[in-house]
Amino acid sequence: MKNLTVLISGASIAGPALAHWLTRYGCAVTVVERAPALRRGGQAVDFKGPTHRAVLERMGILDEVRRRQTGGHDQTIVDATGKPQAVIPGEFTGGEIEIRRGDLAEILYAHTDCEYLFGDTITSLTEAPDGVDITFAHARPRRFDLVVGADGIHSNVRRLAFGPERDHVRYLGYHYALAELGVELGGDAVMYNEPGRMAAVGGPKASAFFVFASPELDYDRTDTDKQRQLLLDAYQGAGWRVPELMAKVPQAEDFFLDSLSRVAIDHYSRGRVVLLGDAAYGNTLGGFGTGLAIVGAYVLAGELRAADGDHRVAFARYEELLRRYAKVAQRGTAGPFLAPPSRARIKLRNWTFKSRFLLGLMLKATDKFATDIELPAYAS
């Protein structure tokens, strides 16, 4: 393993988590990230149950994650007059441990000892019998033994090694947006629905969070102004405080819009290239992405260690273990739950949170999915 060179694309969660383990096992790791620096802030992400806790503890970061957790926050669903309709408890939205994505990324980054190439991206990869030849947008060409795509649901590595995104990503009928708008509602987390539209503010997530149903939108993912306009168009005529929120969107510096989509791919690896996290088994806003990324990184690195760097053996075993565990990411979509398509469906969803029995069933189901794997104890 000490002679194994690994290139990881993506410095969000999955990439640094894998780098942590691989460097511990003696690999020479390089992480390339398109953004010029670590992404700060962002949504809150969460961990659930003993499986996630075990991986965080074995990484040596559990206590630090707990120190920086946001704490679960209840979210009140309101009608157009601001009258409460139901309460989504913090234990449902925030799991057992909730932390902002940017804070988690900082912790993982601090626990890696490897090379980072920020502000760069892979432009081509060519596999040879003894490695993968890589060209970058800015850095000099290099050869690595293995390449890992940990670069999200719109993975560049997956596109280069497996084919175009349209062959592996399924649009689920909704888009979402995050925006720092500086709107205060007394610190409370509040959510408002109209058929096919949701707006939420407050709490530990970004200051404003939107989910809306629409045909698949065609836009340049680097054109933030166009994305802002798409959000404004989607919320024309909305009630409650939505007009106030929309008035602040054009000036929002921290803004992000994307589709709700699911990755559907036959194999996680091809030759010396392997996919990790959302690039392999992503389901936008599905609620399990961060846990899957952390567990997947642990298993992938551990199987490489167990196979003494033989990627063919390790990749097959990694997929065998993760394919079943990640099956929850291949089910359903968060869109109809967050932005129900009719007023009747909105009432039904709200009623679910008023029933302690139904809420209990949902919490048990999420706990079961989060722990549905027997973690191997890899030698350090």
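This is a short chat about a predicted model of a protein, from its overall build to a few single residues.

Biologist: What is the secondary structure of the protein?
Modeller: In this predicted model, the protein comes to 14 helices and 18 strands.

Biologist: And how compact is the protein for its length?
Modeller: The radius of gyration is 21 Å, and the globule rule gives 21 Å for 380 residues, so the protein is as compact as a globular protein of that length.

Biologist: What box do the C-alpha atoms fill?
Modeller: Roughly 65 × 40 × 35 Å, taken along the principal axes.

Biologist: What share of the residues is buried?
Modeller: Buried residues make up 54% of the 380.

Biologist: Which contacts join residues at least 24 apart, as a percentage?
Modeller: Counting contacts between residues at least 6 apart in sequence, 73% join residues at least 24 apart.

Biologist: Now backbone angles. What is the phi of Trp240?
Modeller: Trp240 has a positive phi of about 55°, although Trp240 is not a glycine.

Biologist: Where is Trp240 placed?
Modeller: Trp240 is in the loop between helix H7 (224-234) and helix H8 (242-248).

Biologist: Is Trp240 buried or exposed?
Modeller: Trp240 counts as buried because its relative accessibility is 17%, and the cut-off for buried is under 20%.

Biologist: What about Asp308, what is its phi?
Modeller: The phi of Asp308 is near 55°, again a positive value in a residue other than glycine. Asp308 is in the loop between helix H10 (289-306) and helix H11 (311-325).

Biologist: Buried or exposed, that Asp308?
Modeller: Asp308 has 58% relative accessibility, so it counts as exposed; the cut-off there is over 50%.

Biologist: Back to helix H8. Where does Glu244 lie?
Modeller: Glu244 lies in helix H8, the helix at one end of the loop that holds Trp240.

Biologist: Why is Glu244 called partly exposed?
Modeller: Because its relative accessible area is 32%, and partly exposed covers values between the buried and exposed cut-offs.

Biologist: Which side chain does Glu244 make a polar contact with?
Modeller: The side chain of Arg241, in a polar contact of 2.7 Å.

Terms used. Residues numbered from 1 in each chain as written. Predicted model: local features only at pLDDT ≥ 70, side-chain atom pairs only at ≥ 80, totals over all residues. Heavy atoms only, no water. Helix = DSSP H or I, 4+ residues; strand = E, 2+ residues; numbered from the N terminus. Buried < 20%, exposed > 50% of the residue type's maximum accessible area, 1.4 Å probe, protein only. Rg over C-alpha atoms; globule rule 2.2 N^0.38 Å. Contact = heavy atoms within 4.5 Å. Polar contact = N/O pair within 3.5 Å; in protein donor to acceptor, adjacent residues only side chain to side chain.
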